[in-house]
Amino acid sequence: MTGKRVLDLSRLLPGPYATSMLADLGADVIKVESPHTGDPLRIAPDLFDALNRNKRSVTLDLRDEDGRNTFLDLVRTADAVVESFRPGVLDGMGLGFAALHEANPRLVLCSLSGYGQSGPYAQKPGHELNFLGLSGFFAVPGRLDGEITRPGVRIGDMAGAMHAALALTAALGNDTEGQHIDVSLSESITAWCSLFALPLRDIPDPLDAGLVQGDNDTFTTADGRRLSLATFEDKFWHRFRTELSDEFTELGTDAYDRRADRTAARQTVSDLLNAVFRARDHAWWQQRLDALNAPWAPVLTTPGELLADPHTTARQLFSTPADPTTCPQARFPVTFGAGLETFRAPAPALGEHTEELLARLTPGRPTPSKTPGLPDEAMSHRQDDSRRITVRR
């Protein structure tokens, strides 16, 4: 993505997450914000900072003709525009695909919306839970009791963001004329969930499909800690039960050595394993399960455990801010043999790069000394050492 310029009109989570991936990969992402309020997510600085690192910020009032003309000047220098307005809003401002294409025929416009640019739901308001509800997510059981609860992570938004980033990467790899990419957040999460929901279409009880198993679950140890075990393959189950049958005679039976038999007896197997794991503390299980090379992992239930995990530490997954009160961030979760520096710059202050970018558009253009409607201090970028991001070494 190095050498590509993306103008980001989006706000909140999906659009900024999509463009954050492009920025991490080297794109020049310019966040175009309202002069007076900016991205509403600025009220949640930890999340905002993680979603907007490596970007620059310019403030423009797109309701104003001068602001729209300046934006079109920026469009002429860009490769893509990302927006997350409701369908038709950008057209209503005179900045729809036709206008952008006229200003820059090679430009790619990526529109993220709840339900897409067309169809009976296109104009409906919606948020992540609405998209999740339509996706088929609640048709796929994940627990023995069949209960399906909403995940805490906003996967309905994140799925759309990832599809947008992938689509933009593909589109920007083409040297053909520009195009309009229509990303529906609802369709994106549906594409994920339908892989598991649609095969259940002729099964009266979804629990009979075999997606829920008694030996692929989380379990609580004697000291109240939790771990996950996933003996999906027969070889892992057989080694687990035979190597531990001396300590736990109830594991001596071969009745569940086949995957199909374990699935059919999922509640019995679950009750068996719950009793077994409650008999020893977490440290004992860690030693034994590691020795068995079992597919297990600790269940991390606090942010502190996540940051302290030896594997994430060894892989340098999280940044170490110079200011300990600043929230760490996860790097781009892929390593490149040729190298990739994710933590290049912290998230920008509102309008921080306005003067710089507009002066480059039109040399000699007069620029305001501060963003209209904001106090002087709002223009100061957090460039002191306490805001810099460094990688844990």
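Modeller: What follows takes each label and sets it against its cut-off; note that the model is predicted.

Colleague: Start with the whole chain. What does the secondary structure come to?

Modeller: The protein chain has 15 helices and nine strands. Its C-alpha atoms fill a box of roughly 85 × 50 × 35 Å along the principal axes. Of its 393 residues, 44% count as buried.

Colleague: Why is serine 270 called buried?

Modeller: Its relative accessible area is 4%. Buried means under 20%, so serine 270 is buried.

Colleague: Where does serine 270 lie, and which residues is it in contact with?

Modeller: Serine 270 lies in helix α11, residues 266-277. Setting aside neighbours within four places in sequence, serine 270 is in contact with Leu144, Gly214 and Phe219.

Colleague: Now the charges. What makes arginine 56 and glutamate 356 a salt bridge?

Modeller: The N to O distance between their side chains is 3.0 Å. The cut-off is within 4 Å, so the pair counts as a salt bridge. Arginine 56 lies in strand β3 (residues 55-59) and glutamate 356 in helix α15 (residues 354-361), so the pair ties together parts 300 residues apart in sequence.

Colleague: Why is arginine 56 called buried, and why is glutamate 356 called partly exposed?

Modeller: Arginine 56 has a relative accessible area of 16%. That is under 20%, so arginine 56 is buried. Glutamate 356 stands at 32% relative accessibility.

Colleague: What about arginine 360: why is it called exposed?

Modeller: Arginine 360 has 58% relative accessibility. Exposed means over 50%, so arginine 360 counts as exposed.

Colleague: How do you know that arginine 360 and glutamate 356 meet in a salt bridge?

Modeller: Their N to O distance is 3.5 Å. The rule asks for within 4 Å, so this pair also qualifies. Both residues lie in helix α15, four residues apart, about one turn of the helix.

Colleague: Which residues are linked with these in a network of salt bridges?

Modeller: The network links Arg5, Asp28, Arg56, Glu356 and Arg360.

Colleague: And aspartate 39 with lysine 31: how close are the N and O atoms, and are the residues buried or exposed?

Modeller: The closest N and O atoms are 3.0 Å apart. That is within 4 Å, so the two form a salt bridge. Aspartate 39 and lysine 31 are both buried.

Colleague: How many salt bridges does the rule give?

Modeller: The count comes to 21.

Conventions. Residues are numbered from 1 along each chain as its sequence is written. This is a predicted model: local features need pLDDT of at least 70, side-chain atom pairs count only at pLDDT 80 or more; totals for chains, interfaces and linings use all residues. Side-chain values use heavy atoms; hydrogens and water are left out. Helices (H or I, at least four residues) and strands (E, at least two) are DSSP runs, numbered from the N terminus. Buried means under 20% relative accessible area, exposed over 50%, partly exposed in between (1.4 Å probe, protein chains only). Contact means heavy atoms within 4.5 Å.
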